Amino acid sequence: MGNISRRDFLKVAAAVSAGSLLSNVPTLGRLGMQSGKPNIIILVFDAMSARNLSVYGYPRNTTPGLERIARRALVYHSHYSAGNFTTSGVASMFTGLYPWTHRGINLSGLVNQKAVDNNIFSLMQDGYYTAAFSQNYLADVLLSQFQLGLDRHIPFPSFYEKTDRPLLTQYFSNDPVAAYYGLDDFLFSGGISRKGSFPSVPIFSYLNNLAHANDDFYRPLPDYPYGLPYNSSYSYENSIAFAGIRDEILDLARRNSPFFSYFHMYSPHEPYTPHRDFVGIFPEVEVPFKRPTKFSTLDIPHESILERRKIYDEYVASVDFEIEKLVNDLRDAGALENTYLVITADHGELFERGEHGHVTRLLYDAVIHIPLIVLAPGQMSRRDIYQPTSSVDLAPTLLKIAGKESHAGMEGGLLPGMGGDEVVRSLYSMEAKECSAFSDLKNGVTLSLIKGDHKLIYYTGYPKRPDTFELYNLRDDVEEMKDLYLQDTAAASLMREELLDNFEINRKIA
Amino acid sequence: MHTPIISFIIWYFEMIKRLPPFSDILSVYAVIATMLFAWSILLFIWYLPSWLHFMGVGDLIGIFSYVMASSFIESLSVLFFLLLFSIIPPQKYFRNHFAVYGASVAFCAIGLLMLRLILFNFFTISIPYFRQVLVFAPIAVSLLSVVVPPLRHAWLWFSDRLVVFLYILIPLSVFSLFVILARNII
């Protein structure tokens, strides 16, 4: 036997180490299977519109990673969020209730007691270890409301680079909701630089602003030409945040009991900050010009919207890279063997009709059409489901997978492909940020009803605007350019009656 | 030759002796506390209608306690800063007129910070050269107050009237601290 060089020794040592690591891999899967119940992981990506994902046919190749993941998954092509921003969208996902029932309709709002009592974490808890993390504070506040159902609530300030103000709620983990509103939401309130904010401690707030006067969260960096990702509280690097999530999931998988977990990543929410590898990668695509409607509150020039959309697409591609890496890491570690992995979003993002973002009165598809991809244990091929589904369907479906009863009051049904039937259903989305959450809904409400191929949008109670209906055929007119309300009177009449009947029942405070 | 500990104790009591009279400290603190607590309470009342909708009485008391406790800590910090300023320079410059200097400086500085927030939030107006204004305006007003007797008397009268609020604010702060402690321990 010849002499072993130092290089050969290192190779052998590395191989032995890798082998010993791999020998642990099946253990993760086996642990979860001991109880016979599957693990469940929900990965939510903030403001990820299905309309901008190539896995759903978008012309820019924004999600090659998701396309590869989808080869062995259930892919829902017409999945809708029940709300057009985080609180309403996520609350519906957690409770199986529409916003008119849970009333998480205001920015920074909470849900009512009925929703708290029947949130998915509490319903899962018996026999499941429950864990959750959110990089979006609006969702994290809801998690604080559901704290009793959570075995592990990973602190909001985790995996971050730099913050511009103290994040105090983390020091009051036994009293997170009051501490959040009394301290983080109220005390500094973003300081002078943000209009509409009155810090309750004007002196501390001013000193804090002075201390962070030179912080520039949008400063271009070599790897991030648009600056680091920033969630209004702290900046972070996607690779580090995703690695943190991976480690948390692997920790959960090592437990000797099934787990139900929720991870809410802030990306690709604005500010769009793609990694440099994804900047400038996309060619121009033809985007139809849609003029502002009478309910648009902004009038951003079309060219500016196109530019923002392009950077958003680059950011989606950047996030897609991290998603695929995360899923591959979990799969390689054996953590997905007995696990349902749900990939979805809380709401979409709008780049049309003079508007950009999701703080909007509008409910066009771009802002409510979200991805839903489910990796089920043992699934080896892709299955596409075109039946419209809603975020309120997630809670009852996941409860059924876990062998539990859903609450009788849940307004969602079982997802087709996961126990549900492929029948035509009526799915609602709602926007009512301008309304008081706990009085009858009457001032400034937008509702959409999707049924089969048709979508009816109803605007009501907006000042100086008459109540208005719009009707679109989503199969023939994906871009929602041609309002059929005055032409297809039969469909319009039936859907209007159904929507108004339901709204009349649900708009009133219980 | 004293040991360092003895030296520190001697120095500490020297510093204590340099502090202004307790009645002056109290009247200056009354100005600071009344302004900061009033600001917080008004903001709390402003937010309250929305919180009422989705929170119980316990949570609302909790929020109020966090707000009061933070105002208490902020007001004590401002007082501490002014006291520090009163013991460092020669006594004749600041300590002997602490009630007037302290009340006028605190009123102007805190008032300016509040005015800035109100102007910006309601009218999007920024005060030009704000940092300089924040430093020099309170100094100018306090110097003027010491020199002009009617102004001096006005400050003394004003700060003395506000002391009565401390009978509410200090117990409220202590109660708030207990509430926070209870909510986080029990």
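How many bridges join strand β2 of chain A to β13(A), and do the two run parallel or antiparallel? In this predicted model, 3 bridges join β2(A), residues 74-76, to β13(A), and the strands run parallel. One pairing can be located by residue: Tyr76(A) has Ile385(A) of β13(A) as its bridge partner. Strands of a sheet pair through backbone hydrogen bonds, either parallel or antiparallel.

Step back to the sheet that holds this pair. It is an open sheet of 8 strands in chain A. The order is β5-β4-β8-β1-β9-β12-β2-β13, and the pairing is mixed. The edges are β5 (152-153) and β13 (383-385) of chain A. Each edge strand has a single partner, so one side of each is left without a neighbour in the sheet.

A helix covers part of this sheet. Helix α10 of chain A, residues 238-253, lies across β1 (39-45), β4 (129-134), β5 and β8 (259-265) of chain A. Against β8(A), α10(A) runs at about 175 degrees.

Now follow chain A to another sheet. This one is open, has 4 strands and is antiparallel in its pairing. The order reads β15-β16-β17-β18 (chain A). At the edges are β15 (426-431) and β18 (468-473) of chain A, each pairing on one side only. From one strand to the next, the twist averages 15 degrees. Strand β17(A), residues 454-460, pairs with β18(A) over 6 bridges in the antiparallel sense. Within that pair, His454(A) is bridged to Asn473(A) of β18(A).

Salt bridges come next. Side chains of opposite charge can pair when their charged atoms come close. The whole structure contains 29 salt bridges over all chains. One of them links Asp223(A) and Arg276(A), with the closest N and O atoms 2.7 Å apart. Asp223(A) sits in the loop between α9 and β7 (234-235) of chain A, and Arg276(A) in the loop between β8 and α11 (302-332) of chain A, so the pair ties together parts that are 53 residues apart in sequence.

Turn to chain B. Helices α5 (residues 130-147) and α6 (residues 149-185) of chain B cross at roughly 110 degrees, and their axes come within 5 Å. That angle makes α5(B) roughly perpendicular to α6(B). From α5(B), the contact uses Val141(B), Leu144(B), Ser145(B), Val146(B) and Val147(B). They meet Pro149(B), Leu151(B), Arg152(B) and Trp155(B) of α6(B). By class, the contact has 7 nonpolar, 1 polar and 1 charged residues.

How do the chains meet? In contact are 38 residues of chain B and 34 residues of chain A. Together they bury about 3200 Å², with 69% of it on carbon and sulfur atoms. The count of salt bridges between the chains is 1. Asp175(A) forms a salt bridge with Arg183(B), and their closest N and O atoms are 2.7 Å apart.

Helices also pack between the chains. Helix α9 of chain A (residues 202-211) packs on helix α3 of chain B (residues 57-87) at about 75 degrees, with the axes 9 Å apart. The pair is therefore roughly perpendicular. Pro202(A), Ile203(A) and Phe204(A) of α9(A) make the contact with Ile73(B), Glu74(B), Ser77(B) and Val78(B) of α3(B). These residues divide into 5 nonpolar, 1 polar and 1 charged.

Methods. Residues numbered from 1 in each chain as written. Chains lettered and ligands numbered in written order. Predicted model: local features only at pLDDT ≥ 70, side-chain atom pairs only at ≥ 80, totals over all residues. Heavy atoms only, no water. Axes fitted to C-alpha atoms, helices over the stretch in contact; angles between N-to-C directions. Parallel < 35°, antiparallel > 145°, perpendicular 65-115°, else oblique. Contact = heavy atoms within 4.5 Å. Nonpolar A, V, L, I, M, F, W, Y, C, P; charged D, E, K, R; others polar. Pairing = 2+ DSSP bridges. Buried area = accessible area lost by both parts, 1.4 Å probe. Salt bridge = Lys/Arg side-chain N within 4 Å of Asp/Glu carboxyl O.
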